[in-house]
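Visitor: I am new to this structure, and I would like to learn how to read its features with some care.

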Amino acid sequence: TQAEPIIYSVIFLALTCLIVMGGISGGIEKFTKYAMPALFVMLLVVIIRSVTLPGAGEGLRFMLYPNLEPLKEDFMAVISSAGGQMFFSLSLGMGAMITYGSYLQKKENLEKNALIVVCSDTLVAVMAAFAILPAAIALGGEDAAMSGPSLLFVTLQDVFAAMGSFGPVFGLIFYILVFIAAITSAISLVEVVTTFYMDKAHAKGQPGNRKKYTILTCLAILVLAVIVAADGLGSNGLWQPLGYCWLDFMDLWSEGIMMPLGALFMCIFIGYEYKVENIAEEIEQNGNVFRTQKVYAVTSYIHRHYASELSLEYLAEKFFISPYYLSHQFRRVTGFSLINYIQITRVRNAQQLLLYTDMKIADITTSCGFTSFSQFNRVFNKFCHTSPSQFRVNGIVTPITAIPYEKEPSPGSTKV
(Lines give C-alpha, C1' and ligand atoms only; values in the text may rest on other atoms or scores of the structure.)
Protein backbone atom coordinates (compact mmCIF):
# COMPACT_ATOMS: atom_id res chain seq x y z
CA THR A 1 0.00 0.00 0.00
CA GLN A 2 1.04 3.63 -0.39
CA ALA A 3 0.65 4.28 3.33
CA GLU A 4 3.16 1.66 4.49
CA PRO A 5 6.28 2.99 2.68
CA ILE A 6 5.34 6.54 3.72
CA ILE A 7 5.14 5.48 7.37
CA TYR A 8 8.53 3.77 7.19
CA SER A 9 10.04 6.82 5.48
CA VAL A 10 8.79 9.00 8.36
CA ILE A 11 10.26 6.55 10.91
CA PHE A 12 13.58 6.45 9.07
CA LEU A 13 13.88 10.24 8.91
CA ALA A 14 12.80 10.58 12.53
CA LEU A 15 15.58 8.21 13.58
CA THR A 16 18.09 10.12 11.43
CA CYS A 17 16.90 13.37 12.98
CA LEU A 18 17.34 12.05 16.53
CA ILE A 19 20.89 10.84 15.86
CA VAL A 20 21.99 14.12 14.24
CA MET A 21 20.35 16.17 17.02
CA GLY A 22 22.52 14.24 19.47
CA GLY A 23 25.57 15.92 17.95
CA ILE A 24 28.88 14.37 16.96
CA SER A 25 30.03 12.48 20.06
CA GLY A 26 26.57 11.95 21.56
CA GLY A 27 24.81 10.89 18.36
CA ILE A 28 26.75 10.18 15.16
CA GLU A 29 29.94 8.81 16.72
CA LYS A 30 28.06 6.64 19.21
CA PHE A 31 25.89 5.13 16.45
CA THR A 32 28.63 4.48 13.90
CA LYS A 33 31.00 3.06 16.55
CA TYR A 34 28.80 -0.05 16.69
CA ALA A 35 27.00 0.11 13.34
CA MET A 36 30.09 0.00 11.10
CA PRO A 37 31.71 -3.11 12.64
CA ALA A 38 28.29 -4.81 12.66
CA LEU A 39 27.85 -3.98 8.97
CA PHE A 40 31.26 -5.46 8.14
CA VAL A 41 30.59 -8.71 10.05
CA MET A 42 27.13 -9.18 8.54
CA LEU A 43 28.51 -8.49 5.09
CA LEU A 44 31.05 -11.29 5.57
CA VAL A 45 28.25 -13.69 6.60
CA VAL A 46 26.23 -12.88 3.47
CA ILE A 47 29.33 -13.22 1.24
CA ILE A 48 30.07 -16.70 2.59
CA ARG A 49 26.51 -17.81 1.92
CA SER A 50 26.37 -16.15 -1.49
CA VAL A 51 29.55 -17.71 -2.92
CA THR A 52 28.66 -21.20 -1.62
CA LEU A 53 25.25 -21.36 -3.35
CA PRO A 54 24.84 -23.88 -6.19
CA GLY A 55 25.54 -22.00 -9.40
CA ALA A 56 27.43 -19.19 -7.68
CA GLY A 57 30.37 -19.88 -9.98
CA GLU A 58 28.44 -18.33 -12.86
CA GLY A 59 27.91 -15.21 -10.80
CA LEU A 60 31.60 -15.02 -9.92
CA ARG A 61 32.49 -15.48 -13.58
CA PHE A 62 30.04 -12.72 -14.54
CA MET A 63 31.62 -10.42 -11.98
CA LEU A 64 35.32 -11.18 -12.42
CA TYR A 65 35.71 -12.13 -16.09
CA PRO A 66 36.64 -9.04 -18.16
CA ASN A 67 33.88 -7.95 -20.53
CA LEU A 68 34.70 -4.95 -22.73
CA GLU A 69 31.52 -5.06 -24.79
CA PRO A 70 29.67 -2.42 -22.69
CA LEU A 71 32.61 -0.06 -23.23
CA LYS A 72 32.40 -0.59 -26.98
CA GLU A 73 28.62 -0.25 -27.10
CA ASP A 74 28.21 2.86 -24.95
CA PHE A 75 31.45 4.15 -23.46
CA MET A 76 29.90 7.30 -21.99
CA ALA A 77 27.12 5.33 -20.27
CA VAL A 78 29.75 3.21 -18.49
CA ILE A 79 31.70 6.32 -17.48
CA SER A 80 28.48 7.95 -16.27
CA SER A 81 27.57 4.92 -14.15
CA ALA A 82 31.06 4.67 -12.69
CA GLY A 83 31.10 8.42 -11.98
CA GLY A 84 27.72 8.25 -10.24
CA GLN A 85 28.92 5.37 -8.09
CA MET A 86 32.11 7.24 -7.23
CA PHE A 87 30.33 10.48 -6.32
CA PHE A 88 27.69 8.76 -4.20
CA SER A 89 29.81 6.17 -2.38
CA LEU A 90 32.55 8.67 -1.50
CA SER A 91 30.03 11.45 -0.72
CA LEU A 92 31.77 13.76 -3.18
CA GLY A 93 30.35 17.08 -4.27
CA MET A 94 28.13 17.45 -1.22
CA GLY A 95 30.49 18.66 1.50
CA ALA A 96 30.27 15.52 3.65
CA MET A 97 33.99 14.72 3.59
CA ILE A 98 34.89 18.36 4.31
CA THR A 99 32.40 18.49 7.17
CA TYR A 100 33.65 15.29 8.81
CA GLY A 101 37.25 16.24 8.10
CA SER A 102 36.74 19.42 10.12
CA TYR A 103 35.95 17.30 13.19
CA LEU A 104 39.31 15.49 13.12
CA GLN A 105 41.97 16.43 15.63
CA LYS A 106 44.66 18.77 14.34
CA LYS A 107 47.31 16.07 14.74
CA GLU A 108 45.59 13.81 12.20
CA ASN A 109 47.21 13.33 8.79
CA LEU A 110 44.51 14.47 6.33
CA GLU A 111 46.19 12.95 3.25
CA LYS A 112 46.50 9.58 4.99
CA ASN A 113 42.88 9.69 6.17
CA ALA A 114 41.66 10.59 2.68
CA LEU A 115 43.53 7.57 1.30
CA ILE A 116 42.04 5.31 3.99
CA VAL A 117 38.52 6.50 3.11
CA VAL A 118 38.99 5.72 -0.59
CA CYS A 119 40.58 2.30 0.03
CA SER A 120 37.94 1.32 2.60
CA ASP A 121 35.13 2.42 0.32
CA THR A 122 36.54 0.39 -2.57
CA LEU A 123 36.98 -2.68 -0.34
CA VAL A 124 33.39 -2.55 0.93
CA ALA A 125 32.09 -2.00 -2.63
CA VAL A 126 33.91 -5.11 -3.87
CA MET A 127 32.65 -7.08 -0.86
CA ALA A 128 29.09 -5.94 -1.60
CA ALA A 129 29.48 -7.21 -5.16
CA PHE A 130 30.60 -10.62 -3.85
CA ALA A 131 27.58 -10.64 -1.54
CA ILE A 132 25.04 -9.80 -4.24
CA LEU A 133 26.07 -10.84 -7.76
CA PRO A 134 26.87 -14.55 -7.26
CA ALA A 135 23.55 -15.11 -5.49
CA ALA A 136 21.62 -13.01 -8.00
CA ILE A 137 23.02 -14.96 -10.96
CA ALA A 138 22.75 -18.35 -9.22
CA LEU A 139 19.12 -17.96 -8.19
CA GLY A 140 17.80 -15.21 -10.45
CA GLY A 141 19.50 -16.07 -13.73
CA GLU A 142 21.30 -13.77 -16.15
CA ASP A 143 18.03 -11.99 -16.98
CA ALA A 144 17.62 -10.79 -13.39
CA ALA A 145 17.98 -7.05 -12.78
CA MET A 146 21.58 -6.29 -11.83
CA SER A 147 21.35 -2.68 -10.77
CA GLY A 148 19.14 -0.05 -9.19
CA PRO A 149 16.00 -0.50 -7.09
CA SER A 150 14.95 -3.59 -9.05
CA LEU A 151 18.10 -5.43 -7.95
CA LEU A 152 17.58 -4.47 -4.31
CA PHE A 153 13.84 -4.93 -4.01
CA VAL A 154 12.96 -7.50 -6.69
CA THR A 155 15.91 -9.71 -7.69
CA LEU A 156 17.27 -10.10 -4.16
CA GLN A 157 13.79 -10.78 -2.75
CA ASP A 158 13.59 -13.71 -5.19
CA VAL A 159 17.11 -14.78 -4.22
CA PHE A 160 16.30 -15.00 -0.52
CA ALA A 161 12.98 -16.72 -1.23
CA ALA A 162 14.87 -19.37 -3.21
CA MET A 163 17.28 -20.11 -0.35
CA GLY A 164 14.75 -22.26 1.46
CA SER A 165 14.29 -22.17 5.22
CA PHE A 166 17.44 -20.05 5.76
CA GLY A 167 16.36 -17.48 3.17
CA PRO A 168 14.48 -15.24 5.63
CA VAL A 169 17.46 -15.25 8.00
CA PHE A 170 19.93 -14.12 5.34
CA GLY A 171 17.34 -11.72 3.97
CA LEU A 172 16.96 -10.14 7.40
CA ILE A 173 20.75 -9.82 7.80
CA PHE A 174 21.12 -8.33 4.33
CA TYR A 175 18.39 -5.73 4.73
CA ILE A 176 19.78 -4.74 8.14
CA LEU A 177 23.01 -4.08 6.20
CA VAL A 178 21.08 -1.95 3.74
CA PHE A 179 19.44 -0.06 6.59
CA ILE A 180 22.77 0.66 8.31
CA ALA A 181 24.33 1.82 5.03
CA ALA A 182 21.30 3.99 4.26
CA ILE A 183 21.02 5.62 7.66
CA THR A 184 24.76 6.40 7.89
CA SER A 185 24.49 8.08 4.46
CA ALA A 186 21.39 10.00 5.59
CA ILE A 187 23.16 11.09 8.78
CA SER A 188 26.09 12.42 6.72
CA LEU A 189 23.85 14.41 4.40
CA VAL A 190 21.72 15.94 7.15
CA GLU A 191 24.83 16.74 9.20
CA VAL A 192 26.30 18.79 6.32
CA VAL A 193 23.25 21.06 6.15
CA THR A 194 22.94 21.31 9.94
CA THR A 195 26.62 22.20 10.30
CA PHE A 196 26.29 24.89 7.63
CA TYR A 197 23.56 26.67 9.56
CA MET A 198 25.41 26.17 12.85
CA ASP A 199 28.56 27.76 11.40
CA LYS A 200 26.49 30.55 9.88
CA ALA A 201 24.99 31.31 13.29
CA HIS A 202 28.42 31.22 14.96
CA ALA A 203 29.76 33.64 12.34
CA LYS A 204 27.06 36.10 13.45
CA GLY A 205 27.99 35.64 17.10
CA GLN A 206 24.92 33.52 17.85
CA PRO A 207 25.00 30.10 19.59
CA GLY A 208 22.99 28.25 16.90
CA ASN A 209 20.23 25.73 17.55
CA ARG A 210 21.26 22.26 16.34
CA LYS A 211 17.88 20.69 17.11
CA LYS A 212 15.98 23.35 15.19
CA TYR A 213 18.23 23.15 12.11
CA THR A 214 18.13 19.35 12.10
CA ILE A 215 14.32 19.19 12.34
CA LEU A 216 13.83 21.76 9.57
CA THR A 217 16.29 19.92 7.31
CA CYS A 218 14.58 16.57 7.87
CA LEU A 219 11.14 18.09 7.25
CA ALA A 220 12.34 19.47 3.90
CA ILE A 221 13.70 16.03 2.97
CA LEU A 222 10.45 14.42 4.10
CA VAL A 223 8.48 16.31 1.44
CA LEU A 224 10.39 14.58 -1.35
CA ALA A 225 10.64 11.30 0.57
CA VAL A 226 6.85 11.07 0.78
CA ILE A 227 6.54 11.50 -2.99
CA VAL A 228 9.16 8.79 -3.66
CA ALA A 229 7.55 6.43 -1.14
CA ALA A 230 4.02 7.00 -2.47
CA ASP A 231 5.20 6.33 -6.03
CA GLY A 232 6.08 2.72 -5.16
CA LEU A 233 8.78 2.40 -7.86
CA GLY A 234 6.28 3.63 -10.44
CA SER A 235 3.54 1.14 -9.55
CA ASN A 236 1.00 3.51 -7.97
CA GLY A 237 0.05 5.67 -10.93
CA LEU A 238 1.87 8.88 -10.01
CA TRP A 239 3.15 11.15 -12.78
CA GLN A 240 6.53 9.93 -14.01
CA PRO A 241 9.11 12.74 -14.55
CA LEU A 242 10.97 12.13 -17.83
CA GLY A 243 9.51 8.63 -17.86
CA TYR A 244 11.35 7.57 -14.69
CA CYS A 245 9.82 6.37 -11.46
CA TRP A 246 10.42 8.97 -8.73
CA LEU A 247 13.23 6.99 -7.07
CA ASP A 248 15.15 6.65 -10.35
CA PHE A 249 14.49 10.30 -11.17
CA MET A 250 15.89 11.46 -7.82
CA ASP A 251 18.86 9.16 -8.34
CA LEU A 252 19.46 10.69 -11.79
CA TRP A 253 19.06 14.22 -10.43
CA SER A 254 21.42 13.73 -7.48
CA GLU A 255 24.13 11.46 -8.91
CA GLY A 256 23.97 12.60 -12.50
CA ILE A 257 23.56 16.35 -12.08
CA MET A 258 23.81 17.80 -8.57
CA MET A 259 26.85 15.90 -7.29
CA PRO A 260 29.06 16.58 -10.35
CA LEU A 261 27.98 20.24 -10.28
CA GLY A 262 28.68 20.40 -6.56
CA ALA A 263 32.14 18.92 -7.10
CA LEU A 264 32.84 21.39 -9.92
CA PHE A 265 31.80 24.42 -7.86
CA MET A 266 33.76 23.08 -4.89
CA CYS A 267 36.92 22.75 -6.99
CA ILE A 268 36.47 26.28 -8.33
CA PHE A 269 35.93 27.65 -4.83
CA ILE A 270 38.89 25.82 -3.30
CA GLY A 271 41.22 26.60 -6.20
CA TYR A 272 40.34 30.25 -6.77
CA GLU A 273 38.79 31.50 -3.53
CA TYR A 274 40.07 29.42 -0.62
CA LYS A 275 43.44 28.74 -2.30
CA VAL A 276 45.65 25.67 -2.14
CA GLU A 277 48.03 27.52 0.19
CA ASN A 278 45.39 27.53 2.94
CA ILE A 279 44.79 23.81 2.45
CA ALA A 280 48.53 23.22 2.70
CA GLU A 281 48.65 25.18 5.95
CA GLU A 282 45.81 23.07 7.38
CA ILE A 283 47.36 19.78 6.28
CA GLU A 284 50.85 20.61 7.55
CA GLN A 285 49.77 21.35 11.13
CA ASN A 286 51.66 19.42 13.84
CA GLY A 287 54.47 18.48 11.49
CA ASN A 288 52.43 16.60 8.87
CA VAL A 289 53.72 16.80 5.30
CA PHE A 290 51.60 17.83 2.31
CA ARG A 291 53.20 15.33 -0.06
CA THR A 292 51.16 16.25 -3.13
CA GLN A 293 51.64 20.02 -2.89
CA LYS A 294 54.67 19.95 -5.20
CA VAL A 295 52.61 18.12 -7.82
CA TYR A 296 49.91 20.79 -7.72
CA ALA A 297 52.57 23.46 -8.07
CA VAL A 298 54.05 21.65 -11.09
CA THR A 299 50.64 21.29 -12.79
CA SER A 300 49.99 24.99 -12.23
CA TYR A 301 53.35 25.83 -13.78
CA ILE A 302 52.63 23.60 -16.79
CA HIS A 303 49.29 25.36 -17.41
CA ARG A 304 50.99 28.77 -17.31
CA HIS A 305 54.08 27.82 -19.34
CA TYR A 306 52.91 25.08 -21.71
CA ALA A 307 54.23 27.08 -24.68
CA SER A 308 57.79 26.90 -23.29
CA GLU A 309 60.24 24.03 -23.52
CA LEU A 310 59.43 21.67 -20.65
CA SER A 311 61.25 18.55 -19.55
CA LEU A 312 61.27 16.27 -16.54
CA GLU A 313 64.77 17.43 -15.57
CA TYR A 314 63.89 21.12 -15.96
CA LEU A 315 60.75 20.89 -13.80
CA ALA A 316 62.49 18.76 -11.17
CA GLU A 317 65.33 21.29 -10.90
CA LYS A 318 62.94 24.24 -10.77
CA PHE A 319 60.94 22.74 -7.91
CA PHE A 320 63.96 21.33 -6.05
CA ILE A 321 63.00 17.64 -6.21
CA SER A 322 64.58 14.64 -7.86
CA PRO A 323 63.41 13.67 -11.38
CA TYR A 324 62.55 10.15 -10.21
CA TYR A 325 60.44 11.42 -7.28
CA LEU A 326 58.62 13.94 -9.50
CA SER A 327 57.87 11.31 -12.14
CA HIS A 328 56.58 8.80 -9.56
CA GLN A 329 54.54 11.28 -7.53
CA PHE A 330 53.08 13.01 -10.58
CA ARG A 331 51.79 9.73 -11.95
CA ARG A 332 50.42 8.67 -8.54
CA VAL A 333 48.55 11.93 -7.90
CA THR A 334 47.24 12.86 -11.36
CA GLY A 335 46.93 9.45 -13.03
CA PHE A 336 48.99 10.74 -15.98
CA SER A 337 52.64 10.53 -16.81
CA LEU A 338 54.32 13.94 -16.86
CA ILE A 339 54.79 13.64 -20.64
CA ASN A 340 51.11 12.98 -21.25
CA TYR A 341 50.00 15.78 -18.95
CA ILE A 342 52.13 18.35 -20.78
CA GLN A 343 50.96 17.09 -24.16
CA ILE A 344 47.28 17.02 -23.12
CA THR A 345 47.54 20.59 -21.83
CA ARG A 346 49.04 21.72 -25.13
CA VAL A 347 46.47 19.83 -27.21
CA ARG A 348 43.54 21.27 -25.24
CA ASN A 349 44.83 24.79 -25.79
CA ALA A 350 45.40 24.01 -29.46
CA GLN A 351 41.79 22.81 -29.72
CA GLN A 352 40.54 26.17 -28.47
CA LEU A 353 42.70 28.06 -30.96
CA LEU A 354 41.60 25.81 -33.83
CA LEU A 355 37.91 26.28 -33.04
CA TYR A 356 37.71 29.91 -31.98
CA THR A 357 40.49 31.74 -33.86
CA ASP A 358 41.67 32.16 -37.45
CA MET A 359 45.30 31.46 -36.54
CA LYS A 360 47.26 29.40 -39.02
CA ILE A 361 47.99 25.86 -37.89
CA ALA A 362 51.73 26.59 -38.18
CA ASP A 363 51.33 29.48 -35.73
CA ILE A 364 49.22 27.35 -33.38
CA THR A 365 51.98 24.75 -33.45
CA THR A 366 54.59 27.12 -32.04
CA SER A 367 52.25 29.03 -29.72
CA CYS A 368 51.26 25.79 -27.98
CA GLY A 369 54.83 24.62 -27.39
CA PHE A 370 55.28 22.07 -30.17
CA THR A 371 58.68 22.06 -31.84
CA SER A 372 57.45 21.12 -35.31
CA PHE A 373 54.26 20.55 -37.27
CA SER A 374 54.99 16.84 -37.54
CA GLN A 375 55.19 16.59 -33.73
CA PHE A 376 51.99 18.60 -33.35
CA ASN A 377 50.17 16.43 -35.88
CA ARG A 378 51.38 13.19 -34.26
CA VAL A 379 50.49 14.22 -30.69
CA PHE A 380 47.14 15.69 -31.74
CA ASN A 381 46.24 12.46 -33.55
CA LYS A 382 47.21 10.39 -30.52
CA PHE A 383 44.74 12.17 -28.26
CA CYS A 384 41.97 13.27 -30.64
CA HIS A 385 42.14 10.52 -33.28
CA THR A 386 42.05 13.12 -36.05
CA SER A 387 44.35 15.68 -37.60
CA PRO A 388 44.34 19.36 -36.52
CA SER A 389 43.01 20.48 -39.91
CA GLN A 390 40.18 17.92 -39.87
CA PHE A 391 39.37 18.85 -36.29
CA ARG A 392 38.96 22.48 -37.33
CA VAL A 393 36.63 21.45 -40.16
CA ASN A 394 34.49 19.18 -37.97
CA GLY A 395 34.30 21.71 -35.14
CA ILE A 396 33.61 19.07 -32.48
CA VAL A 397 35.61 18.84 -29.27
CA THR A 398 36.28 15.18 -28.54
CA PRO A 399 37.02 14.10 -24.96
CA ILE A 400 40.69 13.55 -24.20
CA THR A 401 41.18 10.48 -22.04
CA ALA A 402 44.18 9.03 -20.27
CA ILE A 403 46.70 7.42 -22.59
CA PRO A 404 48.49 4.26 -21.39
CA TYR A 405 51.56 4.96 -19.29
CA GLU A 406 54.62 6.09 -21.15
CA LYS A 407 57.97 5.79 -19.44
CA GLU A 408 59.45 9.17 -18.60
CA PRO A 409 62.59 10.04 -20.54
CA SER A 410 65.77 9.75 -18.53
CA PRO A 411 66.84 13.09 -17.05
CA GLY A 412 68.41 15.37 -19.62
CA SER A 413 67.71 13.04 -22.53
CA THR A 414 64.92 15.00 -24.19
CA LYS A 415 62.38 17.76 -23.80
CA VAL A 416 58.67 17.27 -24.34
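**Cores and a helix**

Guide: Among the 32 residues of the largest nonpolar core, those that touch the most other members are Val 298, Ile 302, Leu 315, Leu 326, Phe 330 and Leu 338. Such a core is a set of buried Ala, Val, Leu, Ile, Met, Phe, Trp, Tyr and Cys residues joined through side-chain atoms within 4.5 Å, where buried means under 20% relative accessible area, exposed over 50% and partly exposed in between (1.4 Å probe, protein chains only). This is a predicted model, in which local features need pLDDT of at least 70 and side-chain atom pairs count only at pLDDT 80 or more, while totals for chains, interfaces and linings use all residues. Residues are numbered from 1 along each chain as its sequence is written, and side-chain values use heavy atoms, with hydrogens and water left out.

Visitor: Where do the buried residues of α18 fall, seen down its axis?

Guide: In α18, Gln 375, Phe 376, Val 379, Phe 380, Phe 383 and Cys 384 are buried. They fall within an arc of 130° (taken from the directions from the helix axis to the C-beta atoms), so they line one face of the helix. The face turned away from that buried side carries Ser 374 and Arg 378, which are exposed.

Key. Helices (H or I, at least four residues) and strands (E, at least two) are DSSP runs, numbered from the N terminus.
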